[in-house]
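Please look over the sequence and the structure shown below, and then read the report that follows.

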Amino acid sequence: MTIIGIAGGTGSGKTTVVQKIVEALPPDFVAVIPQDSYYNDTSDKTEEERHAINFDHPDAFDWKLLIKQINDLRNGKAIEQPTYSYLLCNRLPETIHVEPKPVIIIEGIMALLNKKLRDMMDLKVYVDCDSDERLIRNIQRDTIDRGRTVSMVMERYIKVLKPMHEQFIEPTKRYADLIIPEGGMNVKGISILCKYIEGIVPKDIQK
């Protein structure tokens, strides 16, 4: 099994990079584990308390569960991946059944932050992107998918996203084996990454 970590700021193009990797490998060959699925269960909190949580801080994630489930996959055990609602700011009762696959991709803003998680990875990737581009993508996504106004997104970016990115996400670049500048727009960089991954996955399980 090959475990790949893909990190980068919100709106950097991580999802595009992951999609290209999945497309480059045989069907049903990759299991993608989004770090966003592992936000803490906040069922014990009020709606007001949930909306006040800083979801761009490491403490917002259930690292213990994420590490345990990646270990389970690595040991050949299927997992029940949690699901999360951005609208409710809470974990949902439904889970997603994930079987072990030859390639496991852990994708998220802080995928490279935790040393225990990082040490399981065979390849660590940081998707880099201009901050203005990331802001534009955040505005587009949050207004369409998450019911926020432009002013809400801007305020959150200035007060939370930008300082958290600079404190916790940007520094994880130093752990990356590969940095992809220009995010999902870097066709050549993504192509090189896909070719490399094809090369490190044993040929006998690609057939």
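Not counting residues up to four places away in sequence, Ile33 touches Tyr38, Leu66, Ile70, Leu73, Ile79, Gln81, Val98, Ile104, Ile105, Ile106 and Glu107, where contact means heavy atoms within 4.5 Å. This is a predicted model, in which local features need pLDDT of at least 70 and side-chain atom pairs count only at pLDDT 80 or more, while totals for chains, interfaces and linings use all residues. Residues are numbered from 1 along each chain as its sequence is written, and side-chain values use heavy atoms, with hydrogens and water left out.

Ile33, together with Ile70 and Leu117, touches the most other members of the largest nonpolar core, a set of 32 residues; such a core consists of buried Ala, Val, Leu, Ile, Met, Phe, Trp, Tyr and Cys residues joined through side-chain atoms within 4.5 Å. Two or more residues of this core come from each of strand 1, strand 2, helix 3, strand 3, strand 5 and helix 6 (150-169), and helix 3 gives the largest share, five residues. Helices (H or I, at least four residues) and strands (E, at least two) are DSSP runs, numbered from the N terminus. A second, separate core has 19 residues, among them Ile180, Cys194, Ile197 and Val201.

Helix 3 covers residues 63-74, and its twelve residues reach 16 Å from the first C-alpha to the last, close to the 16 Å expected at 1.5 Å a residue, a span taken as 1.5 Å times one less than the number of residues. Within helix 3, Trp63, Leu66, Ile67, Gln69, Ile70, Asp72 and Leu73 are buried. The cover over these buried residues includes strand 1 (2-7), strand 2 (30-34), strand 3 (79-85), strand 4 (90-98), strand 5 (103-107) and helix 4 (115-118).

Leu66 counts as buried because its relative accessibility is 1%; buried means under 20% relative accessible area, exposed over 50%, and partly exposed in between, with a 1.4 Å probe and protein chains only. Leaving aside neighbours within four places in sequence, Leu66 is in contact with Ile33, Gln35, Tyr38 and Leu117. Although Leu66 and Tyr38 are 28 residues apart along the chain, their C-alpha atoms are separated by 6.4 Å.

| Residue | Phi | Place |

Most residues other than glycine have a negative phi.
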